[in-house]
Amino acid sequence: MKLHHWPKSSVVSAKKEAFFSRNLVTNSQLKPCLEESISKLLNRRWTLEKPDTKVQQITISLKQTSARSGIFGNMNFSIDACPKLGDAMMDERCQNPLFYIVRDDLLHPFVNGNKARKLDALLPFIEDCWGTDVVTCGGCQSAHAAAVAVSCAERGLRSHLLLRGEEPEILTGYNLVSSMYGNVIYVPRSLYAKREEMLLRHANAIAGPSGSVMWFTDILNSFTDSHSGMNCMQTIANRSLEDAEKKVVIVKEGAGDAVALLGVIRLVKYLSQSHILGKRRPYNFVIDAEVSELYSITIRLPWKVNAVMLADTFDGYKSQEDRLISDFKRYAAPALSNYTLKNDLVQWVNRETPRKFGNILDGEITGCQQIANQTGVPADPIYTLAAWELAVHLSHKQLDKGAKVVMLHTGGTLGLFGLAQRYKSHFSKLKDGPSQ
């Protein structure tokens, strides 16, 4: 198959320059103040000890053959694990298309990618309210549920995971991780359809007559100071998990709350350091569409965001984006009261080969195999592959232009284990090995 030609009609964002960039600040003289305001907003306890992540380089070359096979045709990939970054990157010229990849999939064996960034600020909030139990929900192979289970166990909290559907015959992937680290309950699809009612009923059952239940959004609304103000170790040491009154906190499916944006802002601040990506050079960021990444990815920077829509329509994603931005404005109002925050931040892109969310097409598993074999980067056909395809396309398009392409790896590759059970015929082709 030849190089992907992403049609112009796939781009559904109306404005060519509808990104954060310089539009965040209404007056250029206020820009230095924004840095101080963001720093105050980020002055808190975090789940991750530090926001650091690896940035690597993927170079694309063509095989010297007329035969074309697989979804990437005659393309080969190679990786530079320690590429030139910062000012050295700005002076670099390359004959072959390339893109950079932010390896957030390496943050933790089980809690990585966007899930780690979402929970980065969320769990300290729960600890500061003396929470003892966390209730959340997701699909049987939910990366979010597994991330909550592992993170809670590591911090001395109990997790209760309501998973949609029936218990599988063989536990694997994220389902296995959830079962090892948390308390899993399988919920019939008919009951799961009413998520809020289901979550609240289960949380009340855990709390019992002497306990209390609170939605995480209520906790967020109760905080007006950006400082958490409580030492983590004191919180855990003073809490008796067996004897104390239970305080149950409900976290929505996917942790889609405004506080999740704080972890992404922290990541952006790290990436914008002069020795990594810097603040001067334009970049085209590529992500598989997870709304919480989208709002803060280009704070006052000449960076553009291209998001591949996977599980919803443009109107659905836009509605979620607007809600998150509205909630974040309300939460961050004390720190960002002098600035105008725009909603049209993202260039939304349809996947080149549309399909019902969760389905995979012929050749996509072997495409993931090729990526892993040639670069060591794990990829899955639902999320990572969609972003990788767009990054490949944009890297060819940007070869003679100033903007570099940067793909954010959002993790989630343990989902391959669940897909292998569901799509056995696709995975049986792996025994032949990747095409060379």
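Which residue stands opposite I185 in β6? Hi everyone, let's find out together. Please keep in mind that we are looking at a predicted model.

The residue is L162, which stands opposite I185 in β6. To see the setting, look at strand β5, residues 158-164, which pairs with β6 in the parallel sense over five bridges. If strand pairing is new to you, the strands of a sheet pair through backbone hydrogen bonds, and they can do this either parallel or antiparallel.

Now let's step back to the whole sheet. It is an open sheet of five strands, and from one side to the other you read β6, β5, β4, β8 and β7, with parallel pairing. At the edges sit β6, residues 183-187, and β7, residues 212-215, and each of these pairs on one side only. On average, neighbouring strands here are turned by 20 degrees against each other, ignoring direction.

Next, the helices. Helix α4 covers residues 143-154, so to speak a run of 12 residues, and its first and last C-alpha atoms are 16 Å apart, close to the 16 Å expected at 1.5 Å a residue. Because 10 of its 12 residues are buried, α4 is largely enclosed by the rest of the structure. Among the buried ones are A143, H144, V148 and C152.

For my last stop, please find M180 in helix α5, which spans residues 173-181. Is M180 buried or exposed? With a relative accessible area of 65%, M180 is exposed, because exposed means over 50%. Together with L176 and Y181, M180 forms a nonpolar patch on the surface, and the three share about 310 Å² of accessible area.

Key:
Residues are numbered from 1 along each chain as its sequence is written. This is a predicted model: local features need pLDDT of at least 70, side-chain atom pairs count only at pLDDT 80 or more; totals for chains, interfaces and linings use all residues. Side-chain values use heavy atoms; hydrogens and water are left out. Patches are made of residues with over 30% relative accessible area and no salt bridge: like charges are joined within 9 Å, nonpolar side chains (Val, Leu, Ile, Met, Phe, Trp, Tyr) within 5 Å. Accessible areas come from the Shrake-Rupley method with a 1.4 Å probe; for residues, only the protein chains shown count as cover. A salt bridge is a side-chain nitrogen of Lys or Arg within 4 Å of a carboxyl oxygen of Asp or Glu. Helices (H or I, at least four residues) and strands (E, at least two) are DSSP runs, numbered from the N terminus. Buried means under 20% relative accessible area, exposed over 50%, partly exposed in between (1.4 Å probe, protein chains only). Two strands pair if DSSP finds at least two bridges between them. Axes are lines fitted to C-alpha atoms, for helices over the stretch in contact, and angles run from 0 to 180 degrees between N-to-C directions. The expected span of a helix is 1.5 Å times one less than its number of residues.
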